Amino acid sequence: AIVGVFGYGGGVIGRYSDLPERFPSIAHFHTVRLNQPASKFYNTDFLKSLCDLWDYRGSGMLNLHGSTGDIILLGTTTEQLEPIFFEVTHVMDQDIGGSGSNLRTPSCCIGKARCEWALYDTQEMCYEMTNYYQDELHRPAFPYKFKFKFDGCPNGCVRSIARSDMSFIGTWRDDIRIDQAAVQAYINGEYAPNAGAHAGKDWGKFDIKKEVLDLCPTKCMWMEGGELKIDNAECTRCMHCIAVMPRALRPGTDTGVTILCGRKAPILDGAQMSTLIVPFMKAEPPYDNIKEFIEKVWELWMEEGRNRERLGEMIQRITLPKFIETIGLPATPQMVKAPRPNPYIFWKEEDVPGGWDRDINEYRARHKR
């Protein structure tokens, strides 16, 4: 880094004017990132202290929040950096966040603090990963930046699938719970669909076929004998049906996370969305299974990644089969984007009984001329 605080390689972004003689008041205009609290819970005392600090030691301009999630303090001078760091950490009990080629500040949705749909404790997991990976957050050693985001359910309030190198999205692997009486209440107009979110205009009578069944991406739902049926093996856990009829449908109780990798904004090869890597993994403290997965991915990326190459770009370059083979994951149907366009299968020697070496006499005994 050009500038920073003692002991940290990230958290401060050096900004200098090209015309310091003409604009001496902004010859330095460094940006400081602060690690936001999980789910961005603030009280007014904290926000007032933050504003007072930045009015005194910086430009007074703040940005809450960027794509990373940090509190962004815009514009200060080099001599103010250490006093800012001391006051933030010792008085406000707040650490600086990530910048540069490191783990950026993990970010999570509101989770179980306020949301009935949270399928794991996003705040607890975000807090644990932030503390556990402090070295990766403050001392840049990666090919480029790396972002975690934690969504409590597939509704995705922090948009982790579109905004992070590794997304953790709450999911379940048993059956959707159905209250058939409540289903009928929606059909009969006793309950407002979407929990009344679209009230204020007459949209007509609720039509379960038009508004739920026909919008299911895998068409795994149907009505039979006046009851709603779900082929749970075909369900992709998009939660559209649950959002429309929250009194009638609930997620299953065997919960965990789906892990996706590789989203990025346009830097080298253009924007791309995350790729599903792990369909289901339990997410319970101390998250050793998830940490093991993270470190396998990091080990490969740090070995194979090129300068300023995000994880998704590396996967694109070395191919998804090579990526999952190296980190030791089996291929799953959820990873398949489309059927293969050619009939050729390339076998590996270890997958062929007997390997490549064959006995010609044994072969001719089975294939006589």
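The structure is a predicted model, in which local features need pLDDT of at least 70 and side-chain atom pairs count only at pLDDT 80 or more, while totals for chains, interfaces and linings use all residues. Residues are numbered from 1 along each chain as its sequence is written, and side-chain values use heavy atoms, with hydrogens and water left out. Helices (H or I, at least four residues) and strands (E, at least two) are DSSP runs, numbered from the N terminus.

After helix 6 comes G189, with a positive phi near 85°.

Helix 3 (residues 122-132) and helix 9 (residues 288-304) have axes that come within 12 Å and cross at roughly 50°. Axes are lines fitted to C-alpha atoms, for helices over the stretch in contact, and angles run from 0 to 180 degrees between N-to-C directions. Helix 3 and helix 9 are therefore oblique to each other (angles under 35 degrees count as roughly parallel, over 145 as roughly antiparallel, 65 to 115 as roughly perpendicular and the rest as oblique). On the side of helix 3, the contact is made by M125, E128, M129 and Y132, and on the side of helix 9 by I290, K291, I294 and E295; contact means heavy atoms within 4.5 Å. Five of these residues are nonpolar, three are charged and none is polar. Ala, Val, Leu, Ile, Met, Phe, Trp, Tyr, Cys and Pro count as nonpolar, Asp, Glu, Lys and Arg as charged, and the others, Gly among them, as polar.

N35 is located in the loop between strand 2 (31-34) and helix 1 (44-57). This residue is buried, with a relative accessible area of 11%. Leaving aside residues up to four places away in sequence, N35 touches D70, Q94, D95, I96, G97, T105, T130 and L137.

The protein chain as a whole has twelve helices and 13 strands. Of its 369 residues, 41% are buried. Its C-alpha atoms fill a box of roughly 85 × 75 × 40 Å, taken along the principal axes.

Notes: Buried < 20%, exposed > 50% of the residue type's maximum accessible area, 1.4 Å probe, protein only.
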